[in-house]
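This briefing sets out selected features of one protein model, grouped by topic.

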Amino acid sequence: MPLEGLRYDVTPPGLHYVLVHYDIPATAAGDWRLTVGGRVEEPLSFGLTELRAMGRRTIRVTLECAGNGRATLQPRPISQPWLSEAVGTAEWTGVLLADLLRLAGLREDAVDVVFTGADHGVERGVEQDYQRGLSVAEAIESGTIVAWEMNGAPLPPQHGYPLRLVVPGWYGMASVKWLRSIEVIDHEFDGYQNKVAYVLRKTPDDPGRPVTRIEPRALLIPPGFPDFMSRHRFVAAGTVPLFGRAWSGWAPIERVEVSTDAGVNWHEAKLDAPSNDELAWRAFAYDWEATPGEHVLTVRAYDTSGREQPIEAEWNRGGFSNNTAQRITVLVT
């Protein structure tokens with residue numbers, strides 16, 4: 001997403017970030033079936049018409065790639081070289097996952113819920129369908145939906161048409177696209193994407209900890225106009241309105257601070273009223289009285305759980321959850 005996309009409360013689908021692990025599969029809504037099985041009382045199978053007949057719920061969710069910011073780390077982990085733009089907010093419409101699980105009836109030995117997409121490939125030598133798992137509690141209590149619409153229209157192919165999972169508050173790897181099966185199992189899911197790929201590690205032999213919820217982050221729309229190569233900005237002296245968005249997957253945003261001198265001094269930004277969807281991003285604004293010379297703008301976010309965005313996040317081998325504060329170099333003329 002170009003950072004100019006932050007001006008929209010809801011990101012247009014063509015600006016919303018996309019990460020596809022393997023291929024975008026060929027899919028058709030007419031014959032698509034979603035199965036619910038495993039440790040349930042009654043295995044189920046749904047077509048889109050049957051799912052829509054269960055009712056519809058629309059939620060506004062900010063999704064961010066777990067690798068957002070990876071390219072700014074030193075040394076840089078070898079994977080998708082995101083800078084800071086792998087984020088977007090959409091309104092997703094579908095049915096609550098909890099309703100599907102209750103309809104199937106969870107057995108007493110149910111532990112995890114596994115979601116399988118139609119995309120298939122090889123990762124580090126492992127051939128696999130893309131799969132992710134949540135605990136039963138997370139699956140029921142997170143407000144997760146099985147979605148068939150994005151911003152009031154059918155899902156675009158790159159966003160999971162005809163069905164996808166949307167897990168509010170979690171990094172995007174949990175929101176499985178092209179969803180074709182939900183399986184309840186009696187043990188902790190140890191699939192590749194849970195236990196190998198999305199794990200925070202410092203060293204190769206570090207067992208690490210799983211990547212889960214989105215860490216607090218604020219981003220500014222860069223002001224003025226850019227230099228083509230360096231992306232440094234140019235603005236005229238005087239009042240320069242600064243605008244951006246902040247979000248956290250743990251709790252609502254309660255404060256955003258802006259610095260115009262590389263973090264020496266901080267000023268509280270004005271927050272817009274929160275939306276009904278507490279984990280969607282929140283707009284902020286600050287009027288900067290810009291004086292001639294070179295300045296470095298940076299921002300940081302705080303949420304109501306007590307988490308705050310660091311100036312420098314800790315390095316990890318996968319480059320995950322890197323919420324290092326944004327820096328924008330501006331020449332004021």
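In this predicted model, Y17 has a relative accessible area of 10% and is therefore buried, given that the cut-off for burial is under 20%. W82 likewise counts as buried, at 13% relative accessibility.

**Aromatic pairs**
- Four aromatic pairs are found in a search of the whole structure.
- The ring centres of Y17 and W82 are 6.0 Å apart with their planes at 85°, so this pair is edge-to-face.
- Because Y17 lies in the segment before β1 (34–38) and W82 in the loop between β3 (57–64) and β4 (87–96), the pair ties together parts 65 residues apart in sequence.
- Y198 and F320 form a tilted pair, because their ring centres are 5.2 Å apart and their planes stand at 35°.
- This pair links distant parts of the chain, 122 residues apart: Y198 is in the loop between α4 (192–197) and β11 (199–200), and F320 is in the loop between β21 (293–303) and β22 (327–332).
- Y198 is buried at a relative accessible area of 6%, and F320 is buried at 8%.

**Charges over rings**
- The charged end of R255 sits over the ring of Y302, 3.8 Å from its centre.
- R164 lies over the face of W92, at 4.8 Å from the ring centre.

**Strand pairing**
- Four strands form an open sheet in the order β13-β16-β20-β19, with antiparallel pairing.
- At its edges are β13 (217–220) and β19 (270–271), each of which pairs on one side only.
- Strands β16 (residues 238–247) and β20 (residues 282–290) run antiparallel and are joined by nine bridges.
- R245 stands opposite A283 in β20.

Note on methods:
Residues numbered from 1 in each chain as written. Predicted model: local features only at pLDDT ≥ 70, side-chain atom pairs only at ≥ 80, totals over all residues. Heavy atoms only, no water. Pairing = 2+ DSSP bridges. Helix = DSSP H or I, 4+ residues; strand = E, 2+ residues; numbered from the N terminus. Phe/Tyr/Trp six-rings, centres within 6.5 Å; stacked < 30°, edge-to-face > 60°. Buried < 20%, exposed > 50% of the residue type's maximum accessible area, 1.4 Å probe, protein only. Lys NZ or Arg CZ within 6 Å of the ring centre and 35° of its normal.
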